Amino acid sequence: MYPHNNQPTAAALVVTLFLPLFSLVLLTLACGQKTDDQNATEKQDKAGAEAQEQSSPKPAPATGAGQARPTAPTRTPGVSGERLGLGTPVGPEVYAAWDIDVMPDGRGLPPGSGTAKKGAKLYKKYCVACHGATGKEGPMDKLVGGIGSLATASPLQTVGSYWPYATTLFDYLRRSMPMQAPQTLSNDEIYSLTGYVLFLNEIVGEDEVMNSTSVAAVKMPNRNGFITADSRPDTANDACMNDC
Ligand code: HEC
């Protein structure tokens, strides 16, 4: 029984004394190694810093970012963007030149007026080459005809047959026609041309005055041909706002 008891004790000694000692030696060696590595890194860092120090006093290249910037243009104090030297303040006149959109209900239509009669002359001068003598010939888009054809086997989409609002015609002509020189005609001329394209489509009379009120009031043949917004609510239930 006793010798048996002694054997485990010796094994326990090896575990409790030798193993910790052995790991301590390993640890010390590893630390020594790490220190060497660190030294190497430090050396490298130092060399890099020295190299940089040497290169930085070099004169900047003749062209490029290192050169002195040109002085920023002088600006009115207090204008935003001034600190960064960016932009130019936009006055009402500049803004108005860009703000040319016309809503279907006529919002945005400018002052001015015209008639189809006056528009006929302008059309001959500026539009006929591309849209034809009566607006039906082309070679570009047909502007006239096709009313009632949309639901047939050969639908013809024109201002007369397809467009739901005459206000859009004014907007479109003012911003984009004549195609090779858009935004060169006056508002009066655009009102007259709007009248003339509507007249060719037999929607307004030759002498009917076209202005911001009358253009908005024109009833286009296809006004009700578009599907309006879905009338169903977004959700089937009322939104809960309190004590939900
Ligand atoms: C140089 C040729 C050219 C001239 C000149 C020209 N247009 Fe156009 N026009 C076009 C082209 C091309 C389109 C089609 C543009 C597109 O679909 O993006 C077009 C489209 C249109 C449309 C829209 C047709 C539609 O149903 O989509 C109208 C309206 C129109 N022009 C009217 C005029 C009027 C009025 C004038 C004269 C002030 C004029 N155009 C002068 C080439 C021209």
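# Helix packing, core and ligand shell in a predicted model

Visitor: How are helices H3 and H7 oriented to each other, given that their axes cross at roughly 95 degrees?

Guide: In this predicted model, the axes of H3 (residues 116-126) and H7 (residues 187-200) come within 7 Å and cross at roughly 95 degrees. Angles of 65 to 115 degrees count as roughly perpendicular. H3 and H7 are therefore roughly perpendicular to each other.

Visitor: Which residues make this contact, and how do they divide into nonpolar, polar and charged?

Guide: From H3 the contact draws on Ala-116, Lys-118, Gly-119, Ala-120, Leu-122 and Tyr-123, while H7 contributes Glu-189, Ser-192, Leu-193, Gly-195, Tyr-196 and Phe-199. By class, the residues of the contact of H3 with H7 are seven nonpolar, three polar and two charged.

Visitor: What elements does the chain contain, and in what order do they run?

Guide: The chain has eight helices and zero strands. Read from the N terminus on, the order of its elements is α-α-α-α-α-α-α-α.

Visitor: Which element gives the largest share of the largest nonpolar core?

Guide: The largest nonpolar core has 29 residues, of which Leu-169, Phe-170, Tyr-196 and Val-197 touch the most other members. Two or more residues of this core come from each of H3, H6 and H7. The largest share, eight residues, is supplied by H7.

Visitor: Which residues does Phe-170 contact once its neighbours within four places in sequence are left aside?

Guide: Phe-170 is among the residues that touch the most other members of the largest nonpolar core. With neighbours within four places in sequence left aside, the residues in contact with Phe-170 are Val-102, Leu-109, Ile-190, Thr-194 and Val-215.

Visitor: Is Tyr-126 buried or exposed?

Guide: Tyr-126 is found in helix H3, and its C-alpha atom is separated by 9.4 Å from that of Ala-181, 55 residues apart along the chain. A residue counts as buried if 20 or more other C-beta atoms lie within 10 Å of its own. Because Tyr-126 has 20 other C-beta atoms within 10 Å, Tyr-126 is buried.

Visitor: Which element supplies the largest share of the shell around the ligand?

Guide: The ligand is surrounded by 18 residues, the closest being Cys-127, Cys-130, Met-177, Pro-178 and Met-179, and the shell divides into 14 nonpolar, three polar and one charged. Helix H4 (128-131), helix H6 (166-176) and H7 each supply at least two residues of this shell. The largest share, three residues, comes from H4.

Visitor: Where does Pro-178 lie, and what is omega for the cis peptide bond between Met-177 and Pro-178?

Guide: Most peptide bonds are trans. Pro-178 lies in the loop between H6 and H7, and the cis peptide bond that joins Met-177 to Pro-178 has an omega of about -5 degrees.

Visitor: Which residue is joined to Pro-139 by a cis peptide bond?

Guide: Pro-139 is found in the loop between H4 and helix H5 (159-162). With omega at about 15 degrees, the cis peptide bond joins Pro-139 to Gly-138.

Visitor: Is Glu-202 buried or exposed?

Guide: Glu-202 lies in the loop between H7 and helix H8 (212-217), and its phi is near 60 degrees, a positive value in a residue other than glycine. Because Glu-202 has 12 C-beta neighbours inside 10 Å, Glu-202 counts as exposed.

Methods
Residues numbered from 1 in each chain as written. Predicted model: local features only at pLDDT ≥ 70, side-chain atom pairs only at ≥ 80, totals over all residues. Axes fitted to C-alpha atoms, helices over the stretch in contact; angles between N-to-C directions. Helix = DSSP H or I, 4+ residues; strand = E, 2+ residues; numbered from the N terminus. Parallel < 35°, antiparallel > 145°, perpendicular 65-115°, else oblique. Contact = placed C-beta atoms within 7 Å. Nonpolar A, V, L, I, M, F, W, Y, C, P; charged D, E, K, R; others polar. Near = placed C-beta within 6 Å. Core = buried A, V, L, I, M, F, W, Y, C linked by C-beta atoms within 7 Å.
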